[in-house]
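Open the model in your viewer and keep the selection tool at hand. This tour goes from stop to stop.

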Amino acid sequence: MPEAQAQTVSMFNLIVEGVGYLNRVRSVTPKKGPAYLACTINAMMGESTAVEYVSIDCRIVGKQALEAVQQLADAVKAKQKVIVGFRAGDPKPDFYEFTDSNTGEVVQREGLKARLLQLTFAKVDGQKVDIPVVERPQRADESAEAGGAQRHEPAEA
């Protein structure tokens, strides 16, 4: 029996890949366990003429993702538009409340919680920024299907 077949699956990953605005970069110190870096990505979905947003609250777990988010944190803090391509794992629904700063009313929202695995690109105020990225080998079916096509990044939202 080949070695690959003899191994048992110990974990299943659900991966979300997309483009969104990077926000709320922060250090979280739980009552139990070590501190970690977190962020929120307002991911874009739908047609470009009618974009909808899904808030993904991310615990940053990827080494290059951590370095990239730390590099972009000052731009986020300065309220610049930071758009990133991202890969996040194991998304779960999240429901939360906050006080609206304009009306003072308590607002309920929904979103996702996930682990941020990597950033694939970044733009600050429309300008591409070099960040640490994970090189992913192209699968045979992707190269044949793409026929030399390249991944598209949004111009400016």
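One definition first: Ala, Val, Leu, Ile, Met, Phe, Trp, Tyr, Cys and Pro count as nonpolar, Asp, Glu, Lys and Arg as charged, and the others, Gly among them, as polar.

This is a predicted model: local features need pLDDT of at least 70, side-chain atom pairs count only at pLDDT 80 or more, and totals for chains, interfaces and linings use all residues. Residues are numbered from 1 along each chain as its sequence is written, and side-chain values use heavy atoms, with hydrogens and water left out.

**Stop 1: the whole chain**

Show the cartoon. The chain has three helices and six strands. Here helices (H or I, at least four residues) and strands (E, at least two) are DSSP runs, numbered from the N terminus. Follow the elements from the N terminus and they read α-β-β-β-α-β-β-β-α. Of the 157 residues, 27% are buried. Buried means under 20% relative accessible area, exposed over 50%, and partly exposed in between, with a 1.4 Å probe and protein chains only. Now look at contacts, meaning heavy atoms within 4.5 Å. Among contacts between residues at least 6 apart in sequence, 58% join residues at least 24 apart.

**Stop 2: the pocket**

Select N23, R24, T40, N42, S55, D57, D94, Y96, F98, R109, L112 and K113. These residues line the second largest pocket. Its volume is about 290 Å³.

How is a pocket found? On a 1 Å grid over the protein atoms alone, a pocket is an open set of points where a 1.4 Å probe fits, with protein on both sides within 12 Å along at least five of seven lines; lining residues have an atom within 4 Å of a point. Grid points are joined across faces, edges and corners, and the volume is the space filled by probe spheres set on the points.

Colour the lining by type: three residues are nonpolar, four polar and five charged. Which elements give two or more residues to this lining? They are strand 1 (15-28), strand 2, strand 3, strand 4 and strand 5.

**Stop 3: a salt-bridge network**

Stay with D57. It is buried, at 18% relative accessible area. Show the side chain of R26: R26 and D57 meet in a salt bridge of 2.4 Å, N to O. A salt bridge is a side-chain nitrogen of Lys or Arg within 4 Å of a carboxyl oxygen of Asp or Glu. R26 lies in strand 1 and D57 in strand 3, so the pair ties together parts 31 residues apart in sequence.

K113 is partly exposed, at 41%. Shared partners join R26, D57 and K113 into one network.

**Stop 4: another salt bridge**

How many salt bridges does a search of the whole structure find? It finds four. Select one of them, E17 with R87, at 4.0 Å, N to O. E17 is in strand 1 and R87 in strand 4, 70 residues apart. Is R87 buried or exposed? R87 counts as buried, at 17% relative accessibility. E17 is partly exposed, at 38%.

**Stop 5: the core**

Next, select L72, L116 and L119. In the largest nonpolar core, which has 24 residues, these three touch the most other members. Such a core is a set of buried Ala, Val, Leu, Ile, Met, Phe, Trp, Tyr and Cys residues joined through side-chain atoms within 4.5 Å. Strand 2 (36-45), strand 3 (52-60), helix 2 (63-77), strand 4 (82-99) and strand 5 (106-124) each supply at least two residues. Helix 2 gives the most, with six.

Move to A68 in helix 2. A68 counts as buried because its relative accessibility is 0%. Beyond its neighbours within four places in sequence, A68 contacts L119, I131 and P132. Draw a distance from A68 to V129: their C-alpha atoms are 9.8 Å apart, across 61 residues of chain.

**Stop 6: two backbone angles**

Most residues other than glycine have a negative phi. Go to R24 in strand 1. Its phi is positive, near 45°. Then select D125, in the loop between strand 5 and strand 6 (127-129). D125 is not a glycine, yet its phi is about 50°. D125 counts as partly exposed, at 42% relative accessibility.
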